[in-house]
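I opened this model to look up a few strands, helices and sheets. My notes are set down in the order I made them.

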Amino acid sequence: MTTAIPAVAPDVIHAPSQQTQWWRTAVIYQVYPRSFADSDGDGYGDIPGITSRLDHLVDLGVDALWLSPFYRSPQRDGGYDVTDYRAIDPLFGSLDDADTLITAAHARGLRVIVDLVPNHTSSDHAWFQAALAAPAGSPERDLYMFRDGRGDDGGQPPNNWDSVLGSSAWTRIMEADGKPGQWYLHLFDESQPDLNWKHPQVRAEMEDILRFWLRRGVDGFRVDVAHGLIKQDGLPDWGGRVEMVGGADGNVGGDDAPSVADGRQDGDDAPSGSEIGNLPSDTIPALPVLDIDAPAAHPNPMFDQEEVHDIYRAWRRVLDEFDPPGEQVTRAMVAEAWVEPESRLARYQRADEMQQAFNFGFLVTTWDAAAYRQVITESLAACDLVGAPATWVLSNHDVVRHPSRFGLPTPGARPNGIYAHDPQPDEALGLRRGRAATLFMLALPGSAYLYNGEELGLPEHTFLPDDVRQAPEFFRTGGAEAGRDGCRVPLVWEAERPGFGFSPTGVTWLPQPAAWACYAADRQRGVEGSTLEMYKSALRLRRQYGLGGGGLRWLSGYPIQVLHFEVFDASGTAVTVLANLGGESVALPDGYDVLLASGSLPDGGGLPADTTVWLRCGH
Ligand code: GLC
């Protein structure tokens, strides 16, 4: 351990916000309905189960919940395959149950965001069934993306696109005469046919669905695959495969994501006398010059076409209909758009479009302080271009849970699920890093998203038997990918109850590892140092110090693998954050009090590896 020198070279990259709309600073908790809480004992979570556990969210201190889809659906992609956008699937309850949940949440001061899946319907949707029954060229077919095949007999798909979930993005249908006929496009599973968003009826229908839910009192929408609705004219061939949230070909992160930029090897970042207070100037990224009109980093005919923005401008007008005259924008939309660079993503957050977009660039960042400095700087700068809040997210229902990602031999790698025979995450190390990452994330200005169970420190389930898996990519890739079930295991509430309190019968749709008793909420509540109490303290302090609306200034004076910044309000009152992503302990600065730490701090002082602290100047 070495002695740190107080901050030098302050570098403000983001000013405190003057605006007060709730969504600018909200911490939003994602509820995955199948896995949160089951009230009727069938082993699947449901809406009454969510309502019965709302006090957990109040106690946690979040501002809003986002519900993954609960609409009528055959559940071939966990509800992201909707048959009726105005009905609740019986698995989850009824419309009355949804109304009760919205009312109960509002009564507790929690906002409610629902998931909207506009890119595709379920193949069971009445429109698609009608399209199958109607002939080629019919108005019914025109609501979807039907095309004739290539080759003499039309036996080849219309183009070479692969589905995000593996295998071809096209499926050929049988026509009414029993002969193979046209093909339809599905960027995801074949049970999820893509809608034709050039069609006015599709646009009118979805706007009506928005109004249906706004009238029921929802505070906003999470927009699924927001960058996918319009495809390039002519549907030209394209050789890549887009993977869920980053991956090999042309999407967020991938090979171009900031990585271990400084060539560090383990131990390299141990502070040395010459490093302290003597950082190379490029370790604090300069405010980048960003251009909102810059082209996409990886143009791709399936995604991020200019015309999608017309759709969101129209939706924004619909949301604004529900704001009382003269009031600030009270309903919000968040885009799930895997788009880079950050300035390109900011286009979805322009003043007349959505309010937020998920920051997947942050989610895919590897365990490296230089990479985090870069992505945080760029994210804030890009959002500032359009006056939107930055967002921060580490886990969701599509990715390996972040403690497990950070416990992998390559910390922060993003496999599409983890099998028992794959290299296993180090659970203790991953949790330590996961908590450290959460703590620096929750200090950042803007809005943050939490995924249900992360407040308990849940890891990925890495040894699910194949016969319980349900995620479609497992089947579409012939098992090459374990898929997303490992992050969707039902939550653990009470250590001593069957199914850890998830359901009254103890039945759970995916098995919970017996060892997860230690993560149960009742084992952590009120226990100093538990992950749950760390999240609660962080959210309380975040609110107390107005961190979500704060400005951000990078500080130097520490080794390169230490993130060092302060978040300050208009009066200059600041919380200082130190996150040690390096291999060795560093000294804490003199004259500061520790507000909160992600791990235990040694008696003699110092900040251990893989630990974050929030500090306040004591004098
Ligand atoms: C989004 C969802 C994912 C789903 C896909 C298709 O990426 O987050 O779970 O599989 O869209 O709807």
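**Entry 1: the model**

I note at the start that this is a predicted model.

**Entry 2: Leu-67 and its strand**

I began with Leu-67, which I found in strand S3. Is Leu-67 buried or exposed? I read a relative accessible area of 2%, so Leu-67 is buried. I then listed its contacts, leaving aside neighbours within four places in sequence: Val-31, Ile-50, Leu-101, Val-112, Ile-113, Val-114 and Asp-115.

Strand S3 (residues 64-67) runs parallel to S6, with four bridges between them. Leu-67 has Val-114 in S6 as its bridge partner. S6 also pairs with S10, again in the parallel sense and over four bridges. On that side the bridge partner of Val-114 is Phe-221 in S10. I checked Leu-67 against Phe-221: 154 residues separate them in sequence, and their C-alpha atoms are 9.2 Å apart. For S6 I recorded five of six residues as buried, so to speak a strand that is mostly covered.

**Entry 3: strand S14**

I asked how many residues of strand S14 (residues 447-451) are buried. Five of the five are, so S14 is largely enclosed by the rest of the structure. I looked at the two faces separately. Ser-447, Tyr-449 and Tyr-451 are buried on one side, and Ala-448 and Leu-450 are buried on the other.

I found S14 paired with two strands that I could name. Strand S2 (residues 27-31) runs parallel to S14 and is joined to it by four bridges; Tyr-29 has Leu-450 as its bridge partner there. Strand S13 (residues 391-393) pairs with S14 over three bridges, also in the parallel sense. In that pairing I noted Thr-391 opposite Ser-447.

**Entry 4: helix H7**

I took helix H7 (residues 308-321) next and compared its length with expectation. Its 14 residues reach 21 Å from the first C-alpha to the last, close to the 20 Å expected at 1.5 Å a residue. I listed its buried residues as Val-308, His-309, Ile-311, Tyr-312, Ala-314, Trp-315, Arg-316, Val-318 and Leu-319. What covers the buried residues of H7? I found strand S6 (111-116), helix H6 (200-215), strand S10 (220-223) and strand S11 (332-335) among the covering elements.

**Entry 5: helix H10**

I repeated the length check on helix H10 (residues 369-386). Its 18 residues should span 26 Å at 1.5 Å a residue, and the end C-alpha atoms are 26 Å apart, which agrees. I counted 14 of the 18 residues of H10 as buried, so the helix is largely enclosed by the rest of the structure. Just after H10, I noted that Gly-387 takes a positive phi of about 70°.

**Entry 6: the three-stranded sheet**

I recorded an open sheet of three strands in the order S7-S9-S8, with antiparallel pairing. Strand S7 (146-147) and strand S8 (170-174) stand at the edges with a single partner strand each, so one side of each has no neighbour in the sheet. Two bridges hold the antiparallel pairing of S7 with strand S9 (residues 180-185). I noted Arg-147 opposite Trp-183 in S9.

**Entry 7: the six-stranded sheet**

I then traced an open, antiparallel sheet of six strands in the order S1-S15-S16-S17-S19-S18. Strand S1 (11-14) and strand S18 (592-597) are its edges, each pairing on one side only. I read an average twist of 30° from one strand to the next. Within this sheet, strand S17 (residues 574-580) and strand S19 (residues 611-617) pair in the antiparallel sense over five bridges. Thr-576 stands opposite Leu-615 in S19.

I looked for helices on the sheet. H12 packs on it and touches strand S16 (562-568), S17, S18 and S19, with its direction at about 40° to that of S19. H15 also packs on the sheet, touching S18 and S19, and its direction makes about 125° with that of S18.

**Entry 8: H12 against H15**

The axes of helix H12 (residues 427-443) and helix H15 (residues 531-544) come within 10 Å and cross at roughly 10°. That angle makes H12 roughly parallel to H15. From H12, I listed Leu-431, Arg-435, Thr-438, Leu-439 and Leu-442; they meet Thr-531, Met-534, Tyr-535, Ala-538, Leu-539 and Arg-542 in H15. I sorted the residues of this contact into seven nonpolar, two polar and two charged.

How values were computed: Residues are numbered from 1 along each chain as its sequence is written. This is a predicted model: local features need pLDDT of at least 70, side-chain atom pairs count only at pLDDT 80 or more; totals for chains, interfaces and linings use all residues. Side-chain values use heavy atoms; hydrogens and water are left out. Axes are lines fitted to C-alpha atoms, for helices over the stretch in contact, and angles run from 0 to 180 degrees between N-to-C directions. Angles under 35 degrees count as roughly parallel, over 145 as roughly antiparallel, 65 to 115 as roughly perpendicular and the rest as oblique. Contact means heavy atoms within 4.5 Å. Ala, Val, Leu, Ile, Met, Phe, Trp, Tyr, Cys and Pro count as nonpolar, Asp, Glu, Lys and Arg as charged, and the others, Gly among them, as polar. Two strands pair if DSSP finds at least two bridges between them. The expected span of a helix is 1.5 Å times one less than its number of residues. Buried means under 20% relative accessible area, exposed over 50%, partly exposed in between (1.4 Å probe, protein chains only).
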